[in-house]
Structures are given as structure tokens and as C-alpha cells.
Amino acid sequence: MKLLFEILYLLGILILGGLGHDGSLSDHKQQAVEKTWSSWRNLETYRYDKYHPMEEIYQWMSQISEKYKDMVTQHFLGMTYENKPMYYLKISQPSNNPKKIIWMDCGIHAREWIAPAFCQWFVKEILQNYKDNPRISRLLRNLDFYVLPVLNIDGYIYTWTTNRNWRKSRSSHNNGTCFGTDLNRNFNVSWCSIGASTNCQDFTFCGIGPVSEPETKAVASFIESKRERIVCFFTMHSYGQLILTPYGYTKNKSSNHEELIQVGQKAANALKAKYGTNYKVGSSADILYATSGSSRDWARDIGIPFSYTFELRDTGEHGFVLPDEQIQPTCEETMEAVLSVLDDVYNKYWSSNNAGKVTPTTVGLSLLMILFSLL
């Protein structure tokens with residue numbers, strides 16, 4: 001169904017003159033994009049209910065890590081094909097506790113602008129509320145958040161300058177006759193076996209080999225280096241209103257499939273409670289379509305227990321060009337869903353460890369209490 005939406009959307013652009021013959025933005029589309037550029041001088045005036053070009057997101061990352069320097073650090077991850085730096089934000093509250101990691105990336109597909117908007121919203125919500133919100137402060141006692149606001153930077157920039165509907169990266173293939181790899185078909189998990197293309201002209205071109213792109217190499221190398229500590233992997237997309245679990249490359253289920261569905265459905269219920277938006281929950285192969293080489297499936301198969309793809313609003317009315325007025329409600333409801341997942345992850349690894357767990361210490365204390373009662 002989503003593939004049908006994509007085809008209809010692209011045809012609509014072509015028929016209505018949204019794209020020029022060279023694939024560039026026509027004048028009225030370019031004007032619409034330019035109107036979304038915002039002017040801001042400092043973090044206090046940054047608009048989280050507007051879309052931002054990459055230059056502004058770079059500035060935002062720098063300024064937010066400066067303002068919340070005790071909580072946030074900005075880290076270099078790698079370079080894109082077009083030599084743009086990739087940075088992630090680490091949100092960490094000082095603690096003597098051994099920390100686990102939550103990973104979140106946004107914007108692996110360039111045209112899905114609502115995803116980077118949510119990554120920024122998520123960071124803002126955590127930082128503005130951790131002191132006064134006991135739910136968030138509890139999570140930060142044992143969890144660090146690693147957030148990559150835009151994974152596909154080259155493609156994202158291209159959607160602002162040239163082609164709003166661009167999906168892939170911007171790597172060059174076939175002697176410069178076609179461009180871009182679908183980065184979410186390029187991870188080393190059942191690579192290019194199903195739901196992906198070997199034709200570099202296609203939206204789902206899987207690359208010249210597994211992890212062939214600098215962007216996927218940077219992410220995969222980092223995740224693998226931290227995988228023993230990563231307990232949850234979020235990759236944010238649009239559109240479709242879905243919470244997707246592994247797998248896309250097979251109908252077989254992951255070893256913890258039932259738990260993933262249960263946690264995902266609880267998150268969907270929390271999301272719906274905000275504005276009534278309905279999300280479906282299930283594996284990609286079951287409720288969307290077959291895919292291979294996705295980051296979600298790869299993350300689960302290297303041992304990260306909770307791995308989810310979120311497909312944010314809507315279901316096709318606006319598709320990838322979600323209006324500005326829907327940014328805030330989309331982010332607010334998605335925040336509820338993500339926090340629901342994080343609550344369940346936290347309870348699995350920590351609350352249960354401290355409640356009713358029989359250890360030598362608790363046994364010893366119990367025996368002492370019995371002994372004193374007899375004296």
C-alpha cells in the first residue's frame with residue numbers, strides 16, 4: 001500500500017509540473033521550499049514546529065550542546081559521500097551506574113522531513129524536562145541517548161535545493177550516469193535478497209555491496225562498537241503510521257517477537273491517546289512489504305534486543321510533504337510512543353532487578369530477621 005502511495009505521489013508531481021524535465025524543483029515548488037527556511041539567531045528562537053535545512057540543523061546541534069554542556073556532547077561519526085560531517089548527540093546524565101544505550105537515527109531517507117524534525121523534538125524534550133519530569137530523570141539514571149538527527153545528509157540537502165522527492169544518498173554510479181543508494185537497503189543483513197534493486201536508477205537500489213556507502217559504514221561501525229551496551233534501536237521514517245518490528249527479509253520471527261509486538265502495541269496505544277492517531281504494529285514482512293538490508297533487521301540480528309522502525313504521519317494525504325502545522329502534533333504523539341517503549345525497556349532491565357529478586361544478600365537479611373525474631 002505504501003509503495004502505491006509513493007507511485008501515485010511521484011506521478012502527481014510529474015503531472016502537475018512539480019518536477020522539471022531534469023528532475024529539479026519547478027519554480028512554484030522551489031518557492032514553497034524556500035518559504036520553509038526560517039531565520040533564527042539563537043537557540044531561544046529555534047522553531048521546532050518548522051522544517052530546517054541542514055545548515056540550520058548543524059547550528060542547532062552546536063548551540064544545544066553548548067547550552068546543555070553538562071548533559072549533551074556532540075560527536076563526529078563519519079563523513080558522507082559528498083564530504084559532509086556526520087554528528088550525533090550524546091545525552092548523558094553524570095552517574096556512577098553502568099549505563100545502557102538507546103540509539104535513534106532520523107532521515108535515512110532524504111524526503112522524509114518529519115523524521116529529522118522528530119529527532120530534534122526528542123532532544124529538546126529530554127533536555128528541557130529532565131530536571132522536573134520524574135519519568136525522564138528515571139530513564140537517564142541508567143540510559144544514555146545517542147541521537148543522529150540526519151543520517152542521509154547529502155540526500156537531505158538535495159531535497160532542499162533540487163528535488164523534494166529524493167530518497168537515496170548521492171553517491172555516483174555507472175560512471176556518473178545515476179546517483180544514490182537506498183541506505184536502508186545497504187546494511188549487511190540478507191543484503192539485496194528481496195525488496196531491493198540492483199539497478200542504480202531505482203528508488204531501492206541496494207548499492208554495489210553490503211555496507212558499501214560511507215554513511216552506512218559510519219553507522220554500522222559505531223553501532224557494532226557499542227552493541228553490548230545498546231538495548232534499543234530506533235530508526236525514524238515516514239510515512240504510513242506504523243511501528244515495524246523485525247523482520248522484512250523473512251516471514252520468520254525474531255526470538256523475542258511477541259515481546260516486541262507487546263511493547264510496540266502499548267506504544268501505539270500511548271500515541272493514539274494523544275490525538276487519536278491510529279498506528280499499526282507488526283513486522284515489515286507482515287504489515288508493509290518485504291525488505292532486505294534494513295538497519296532495523298541488522299540491529300536485531302547483531303543482538304540488540306529492541307529494534308523498531310517508526311513510520312510517522314500520515315497515511316498518504318500529504319505523504320512525504322507533511323505540512324508544517326502537523327509537525328508539533330506528530331512529534332508530541334510520537335514522543336509518547338517512544339517514552340512508552342523506553343519505560344518498558346527500563347522496567348525490563350532495572351525495575352525487575354530491584355523488585356522481588358532473590359539474591360544471597362536478600363536471603364541473608366531474611367535469615368537475620370528470623371533469627372532476631374526468635375531471640
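This is a predicted model: local features need pLDDT of at least 70, side-chain atom pairs count only at pLDDT 80 or more; totals for chains, interfaces and linings use all residues.

**Labels and the values behind them**

Analyst: Let's start with aspartate 314, which counts as buried at 6% relative accessibility. Residues are numbered from 1 along each chain as its sequence is written, and side-chain values use heavy atoms, with hydrogens and water left out.

User: What makes aspartate 314 count as buried?

Analyst: Buried means under 20% relative accessible area, exposed means over 50%, and partly exposed is in between (1.4 Å probe, protein chains only). Aspartate 314 has 6%, so buried is the label.

User: Where does aspartate 314 lie, and which residues does it touch?

Analyst: Aspartate 314 is in the loop between β10 (306-312) and α11 (327-354). Helices (H or I, at least four residues) and strands (E, at least two) are DSSP runs, numbered from the N terminus. Leaving out residues up to four places away in sequence, aspartate 314 touches Tyr239, Gly240, Gln241, Gly319 and Leu322; contact means heavy atoms within 4.5 Å. The C-alpha atoms of aspartate 314 and tyrosine 239 are separated by 5.5 Å, with the two residues 75 residues apart along the chain.

User: How do you know that cysteine 106 and cysteine 119 form a disulfide?

Analyst: A disulfide is a pair of cysteine sulfur atoms within 2.5 Å. The sulfur atoms of cysteine 106 and cysteine 119 are 2.2 Å apart, so the pair qualifies. The torsion about their S-S bond is about 85 degrees, so this disulfide is right-handed. Cysteine 106 lies in strand β3 (residues 100-106) and cysteine 119 in helix α4 (residues 114-129), so the pair ties together parts 13 residues apart in sequence. Cysteine 106 is buried at 0% relative accessible area, and cysteine 119 is buried at 0% too.

User: Why is the disulfide of cysteine 178 and cysteine 200 called left-handed?

Analyst: The torsion about that S-S bond is about -90 degrees, so it gets the left-handed label. The S to S distance for cysteine 178 and cysteine 200 is 1.7 Å. Cysteine 178 sits in strand β6 (residues 178-179) and cysteine 200 in the loop between β6 and α7 (214-226), 22 residues apart.

User: How many disulfides does the rule give?

Analyst: The count is three. Another of them joins cysteine 192 and cysteine 206, with sulfur atoms 2.1 Å apart. Its torsion is about -80 degrees, so that disulfide is left-handed. With the bonded cysteines numbered in sequence order, the pairing reads 1-2, 3-5, 4-6.

User: What leaves cysteine 331 in no disulfide?

Analyst: The nearest cysteine sulfur, that of cysteine 106, is 9.0 Å away. Cysteine 331 is buried, with a relative accessible area of 0%.

User: Why is α3 called oblique to α6?

Analyst: Helix α3 (residues 54-67) and helix α6 (residues 153-161) pack at about 130 degrees, with axes 9 Å apart. Axes are lines fitted to C-alpha atoms, for helices over the stretch in contact, and angles run from 0 to 180 degrees between N-to-C directions. Under 35 degrees counts as roughly parallel, over 145 as roughly antiparallel, 65 to 115 as roughly perpendicular and the rest as oblique. The angle of about 130 degrees falls in the rest, so α3 is oblique to α6.

User: Which residues of α3 and α6 meet?

Analyst: Met54, Ile57 and Tyr58 in α3 meet Ile153, Tyr156 and Ile157 in α6.
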